[in-house]
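Here are a few friendly notes to read alongside the model. Please keep the structure open as you go through them.

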Amino acid sequence: MSQGSDCVGVVREAYDEIHLMSWPPNSPDLNPMEHIWDAMKRQLRAQTPTCPNISTLRDRCLNIWYNLSPVMFKNLWHLCPGELQLF
């Protein structure tokens, strides 16, 4: 018996014990950073006037990044399903 077929046998035996998550594997919902990018994008778009150059855009993005609310990070942590919360 080859090593590959041994692996398949183990997976088949454990199949009933495997808990499948309801999200697709590359779902942005599983990545809290996607929510942070979204919050930053909304704040940037709310600023007027628009950025006249790349230097201003960089400065505004850094300003938003350094002033993100710690409460937002805490809320994002609670959005993660229990399987993903490591602490």
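**Notes on the core and the surface**

1. Seven residues make up the largest nonpolar core: Ile36, Ala39, Met40, Ile64, Leu68, Met72 and Leu76. Such a core is a set of buried Ala, Val, Leu, Ile, Met, Phe, Trp, Tyr and Cys residues joined through side-chain atoms within 4.5 Å, where buried means under 20% relative accessible area, exposed over 50% and partly exposed in between (1.4 Å probe, protein chains only). At least two residues of this core come from each of α2 and α4 (70-79), and α2 gives the largest share, three residues. Helices are DSSP runs of H or I with at least four residues, numbered from the N terminus.

2. This is a predicted model, in which local features need pLDDT of at least 70 and side-chain atom pairs count only at pLDDT 80 or more, while totals for chains, interfaces and linings use all residues. Residues are numbered from 1 along each chain as its sequence is written, and side-chain values use heavy atoms, leaving out hydrogens and water.

3. Ile64 lies in helix α3 (residues 54-66) and is buried, with a relative accessible area of 5%. Leaving aside residues up to four places away in sequence, Ile64 touches Met40, Gln43, Leu44 and Gln47 (contact means heavy atoms within 4.5 Å).

4. Do look at the loop between α2 (32-46) and α3, where Pro49 lies. The Thr48 to Pro49 peptide bond is cis, with omega near -5 degrees.
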